[in-house]
Structures are given as structure tokens and as C-alpha cells.
Amino acid sequence: MAYQAVFKRYELKYMLNEAQKQLILSAMDGHMKLDDYGETIIRNLYYDTDDYRLIRRSMEKPVYKEKLRIRSYRRAGIDDPVYVELKKKYKHVVYKRRLQMPEGEALKWLAQGEAAPQDSQIAREITYFRDFYKGLKPKVFLSYHRLAYYDLEGSSFRVTFDTEICARQQDLTLDSEPGGTSLLPEGMTLMELKCAGAMPLWMAHALNEGKIYKTSFSKYGTAFATMIFPQMKEEKQDA
């Protein structure tokens with residue numbers, strides 16, 4: 001299946017209770033459909049430096065920020081396809097570049113400083129990023145259950161619902177079961193609206209009806225704030 005390698009869009013986030021989620025799903029009926037991945041468990045390895053330079057910078061809410069991860073849409077062994085993704089955000093617009101390759105090649109490329117397994121502009125961007133932030137390595141495994149929908153009218157508008165968002169710092173491999181510390185309040189769902197421009201009017205009406213308001217929620221940022229930073233602070237006090 002062909003995959004999209006370049007993204008430029010807004011990503012709007014909302015925290016939904018169960019009633020609000022059902023309201024949105026009802027409003028989507030006839031407008032949207034589950035995409036090719038449909039219902040999946042997404043696994044991610046987030047790369048960072050030993051002092052967590054990338055996520056600490058991101059949490060300062062700068063005009064420009066960036067992150068690097070490897071993602072799979074199912075349990076992935078060394079020969080299974082995964083995505084190496086470089087994600088940037090500038091003035092609220094998200095720019096994502098990604099390459100698909102076997103997990104073994106991706107891990108070797110990012111860990112050993114070798115040439116990319118394929119030659120392309122995206123590969124060169126990721127290699128530059130890897131070399132600029134010296135010492136990058138997998139720091140957090142992050143998984144979640146996702147429902148992903150696309151617009152039946154053919155626009156780039158997409159809606160995703162994420163539940164069971166969990167993070168851990170052990171067993172950092174995509175060939176593992178999901179799980180870890182839960183990052184979502186009980187009974188809540190993280191919804192993301194992904195669009196190149198304005199959202200459809202019917203969705204705006206549904207958000208208004210459900211009193212659903214945009215929020216700020218970073219999965220990796222929440223993992224850092226709730227799991228990693230307290231540990232770093234404690235270690236510093238004990239030193």
C-alpha cells in the first residue's frame with residue numbers, strides 16, 4: 001500500500017468524555033469513514049538526548065519545535081516495515097516527513113550514524129537532524145489505541161480518537177506489547193482534528209453543541225512531565 005511521506009496541516013486536540021465522543025461519532029456519520037489502518041494499536045519509540053533536550057525545549061512552547069520517532073501500526077519485528085518520522089511545528093502548523101523501511105534498518109541508521117538506507121530529501125533531513133542532536137537514542141516507548149477516519153468528500157480532513165495512551169522507559173522495542181503508565185484521565189479520549197485549512201461546518205457545529213473546546217496535550221510531553229522529570233528531580237536532590 002502506498003503511503004504519504006509529507007504532511008503540512010493543523011492538528012487540533014480535544015479531550016472528550018464518553019458522551020462527547022458519542023456525539024462526535026454521531027455527527028461524523030455519513031461524512032467520514034475508517035481509513036485503511038482503521039482500528040489499530042500504535043507503537044512509538046521517541047528519540048531524545050540523555051538530558052532530554054528535545055522534549056524540554058518543546059515544553060517551553062517555542063515558535064519552532066521538532067521531534068524524531070519510529071512508529072509502527074502493529075507489533076514489528078526486525079524485518080517488518082516501520083516509519084521513521086521527523087515532526088516539526090512552526091507557528092501552529094505541523095510539518096511531518098517520514099520514510100518507511102524495515103525496523104532493523106531504521107534502528108541501525110539512527111543508532112550508528114550510518115548513511116540512510118535510501119537516498120532522498122527526507123532521508124537527508126533526518127540524517128542532518130540525527131547528526132545535529134548528537135547522542136540521540138530511544139528514550140520512551142509510547143502506545144495507544146487509535147480509531148482513524150478520513151473525509152468521504154475527498155478533502156484532507158481527518159479525525160483520530162486515541163485511548164489507552166501509555167508510556168514507559170523499559171522494554172524500548174516495537175516488538176513488544178503495548179502498556180506502561182497511563183497518561184489519560186480515566187474515561188477520557190484524545191481526539192485530533194487534522195486539516196490543511198478550516199474544519200467542516202458540521203464538525204464546528206458538533207463541537208459547539210457538545211461544549212467541546214480545544215486543548216493542549218502532548219503525549220511525549222505528558223510522559224516527561226509525569227514520569228521522567230520527577231525522577232530527574234529526585235536524582236538531582238539525592239546527588
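This briefing walks through the overall fold, the nonpolar cores and a few individual residues. The model is predicted, so local features need pLDDT of at least 70, side-chain atom pairs count only at pLDDT 80 or more, and totals for chains, interfaces and linings use all residues. Residues are numbered from 1 along each chain as its sequence is written, and side-chain values use heavy atoms, with hydrogens and water left out.

**Overall build**
- The protein has 6 helices and 10 strands, where helices (H or I, at least four residues) and strands (E, at least two) are DSSP runs numbered from the N terminus.
- Its radius of gyration is 18 Å, which agrees with the value near 18 Å for a compact globule of 239 residues; that figure is taken over C-alpha atoms, and the globule rule is 2.2 Å times the number of residues to the power 0.38.
- Along the principal axes, the C-alpha atoms fill a box of roughly 50 × 45 × 35 Å.
- Some 46% of the 239 residues are buried, meaning under 20% relative accessible area, with exposed being over 50% and partly exposed in between (1.4 Å probe, protein chains only).
- Take the contacts (heavy atoms within 4.5 Å) between residues at least 6 apart in sequence: 71% of them join residues at least 24 apart.

**Nonpolar cores**
- A nonpolar core here is a set of buried Ala, Val, Leu, Ile, Met, Phe, Trp, Tyr and Cys residues joined through side-chain atoms within 4.5 Å.
- The largest one has 22 residues, and Leu 68, Ile 70, Val 84, Trp 109, Leu 110 and Ile 126 touch the most other members.
- At least two residues of this core come from each of E2 (32-48), E3 (64-72), E4 (81-90), E5 (93-102), H3 (103-112) and H4 (121-132).
- H4 is the top contributor to this core, with 4 residues.
- There's also a second, separate core of 20 residues, with Tyr 46, Ile 165, Leu 183 and Leu 184 among them.
- Leaving aside neighbours within four places in sequence, Trp 109 has contacts including Val 84, Leu 99, Met 101, Pro 117, Ile 126 and Arg 130.

**A buried lysine**
- Lys 139 sits in strand E6 (residues 137-151) and counts as buried because its relative accessibility is 13%.
- Not counting residues up to four places away in sequence, Lys 139 touches several residues, including Tyr 46, Asp 48, Asp 50, Arg 168 and Tyr 220.

**Positive phi outside glycine**
- Lys 91, in the loop between E4 and E5, has a positive phi near 50° and counts as exposed at 54% relative accessibility.
- Glu 164 also has a positive phi, near 50°; this residue lies in strand E7 (residues 158-168) and counts as exposed at 58% relative accessibility.
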